[in-house]
Amino acid sequence: MVRVPAPWNTFVEGDNLTVLPLLPDGSFDLIYLDPPYNTGNDFAYRDDFRGERGSGRVGRHGAWNAMIRPRLMQARRVLGAGGALAVSIDDHEVAHLRLLLDEIFGEENLLGQVVVNLNPKGRQLGRGFAISHEYLLVYARDLGACVLDPSSSAGVREADFPLLSADGRHYRRLPLRNTNKKFNPRTAPTLHFPVWGDPESGRVAVAPFEGATRIEPVFGDGRPAVWRWSAPRIEERPDDLECRLVRGVRGDRVDVYQRDWLHPPHGQRRKKLSTIWLAEEVGSTDTAVAELKAILGPVFESPKPTGLLRRLLETMPADARVLDFFAGSGTTGHAVALANAADGGRRTCLSVNSAEPTRAGSNAAHAGYADVAAITRARLRAVAEGVGGGFAEHPATAPLG
Ligand SMILES: C[S@@+](CC[C@H](N)C(=O)[O-])C[C@H]1O[C@@H](n2cnc3c(N)ncnc32)[C@H](O)[C@@H]1O
């Protein structure tokens, strides 16, 4: 039997609270959400919480919370054991959302509260400081099992690996000694042993050899320390180690270093991502508007840049099953297609958006898009044509997946 590969992008039109119960438990690896922000203007939801809406701040927070809570509970249900959730949010609801996610996902599963610099110029309106960022709250379904790797290959700089080996490979030196005081002969006795090294040739071994000096791991103050590598590992990887004469204020000493390669022989070097994501790295609201304009025109006011989603996707395996149930203009699906096209991955993305009517007189209405679902659909179709991977649409009635 020939298995037809799943299209990279699938769309369901409907209220997400109706669609989510149709999805099987554990059927996604990454959920990205960019819900309506509760900015004080109307926000779109069609369930039974309208009665809870108050006129003041507290009432609005309560109504927003009542809208998002059951959806986040469904999100947790449809995430696989190794999965993760990332939610974009601004200052209006970040405090409330953080507490709600702590409650639903468990605060021990927080992977980060990332600051995303989406508006580098800063919002000039209002009494306070010019806000130039939003947040991304990222939670593991289960921290111990989560496959999200919070690192990226993009931030790795050749300049951080300034040395060159005889065969022309870039590297940097890291002390083989464990500099963390928590690790010492008492806490890690098997890592405290002598090694032998020759600073002339650079050779390091766990047994004595001609011309070698005995070297014990010690802290700067002379107290006994431990190595980072076990004796068998040192024996297995002699080419990744280097013995050197170090000139210090307290005289010369012989020490051992790891050669940390820019391009390790197995796998790609990655760097842990910081919790501040700059617009020049992931794009801004302006670049996001330009991306959408290039495909459909300026038909959606606050899309996210595909760069933001690409960075998130890079933290997950290349066959991640992605869900975005506040899909808007379809940025997540677009990013999934771009990522697959770039690295040959087999990610899939299910986008859900309601048929929220576009504002009368808006660019979207002028362009003939009666509702947001029509915009999501149009972008994902255009992406399938331009980038590839296909496009499918499902009704919001039958079970999905
Ligand atoms: C902030 S926008 C998402 C923008 C999106 N990230 C992008 O880059 O274009 C939120 C979207 O959620 C949709 N939405 C709001 N309530 C919904 C609901 N109950 N079910 C499905 N979609 C909903 C709105 O129509 C809107 O398009």
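These exercises walk through a predicted model, from the whole chain down to single residues. Local features need pLDDT of at least 70 and side-chain atom pairs count only at pLDDT 80 or more, while totals for chains, interfaces and linings use all residues. Residues are numbered from 1 along each chain as its sequence is written.

**Exercise 1. Describe the protein chain as a whole.**

Step 1. Start with the elements. The protein chain has 10 helices and 18 strands. Both are DSSP runs, numbered from the N terminus: helices are H or I with at least four residues, strands are E with at least two.

Step 2. The C-alpha trace spans about 85 × 55 × 40 Å along its principal axes.

Step 3. Domain 1 covers 9–154 + 271–394, and domain 2 covers 158–261. These bounds come from an automatic or database domain assignment. Over C-alpha atoms, the two domain centres are 46 Å apart.

Step 4. Check burial. Of the 401 residues, 35% are buried. Buried means 20 or more other C-beta atoms within 10 Å of the residue's own; exposed means 12 or fewer; partly exposed lies in between; C-beta atoms are placed from the backbone.

**Exercise 2. Find the two faces of helix H3.**

Step 1. Locate the helix. H3 runs over residues 94–105 and has 12 residues. From first C-alpha to last it reaches 15 Å, close to the 16 Å expected at 1.5 Å a residue. That expected span is 1.5 Å times one less than the number of residues.

Step 2. Pick out the buried residues. They include Leu-97, Leu-101 and Phe-105. These three lie on the same side of H3 because they cover an arc of only 40 degrees around the axis. The arc is taken from the directions from the helix axis to the C-beta atoms.

Step 3. Recall the rule. An α-helix has 3.6 residues a turn, so residues three or four places apart point the same way.

Step 4. Turn to the other face. Ala-95, Leu-99 and Glu-103 are exposed there, away from the buried side.

Step 5. Look past the end. Gly-106 follows H3, with a positive phi near 95 degrees.

**Exercise 3. Decide whether Leu-136 is buried or exposed, and list its contacts****.**

Step 1. Leu-136 lies in strand S5, residues 134–140.

Step 2. Count neighbours. Leu-136 is buried because it has 24 C-beta neighbours inside 10 Å.

Step 3. List the contacts. Leaving out residues up to four places away in sequence, Leu-136 touches Ala-86, Ser-88, Val-114 and Val-116. Contact means C-beta atoms, placed from the backbone, within 7 Å.

Note on methods: Contact = placed C-beta atoms within 7 Å.
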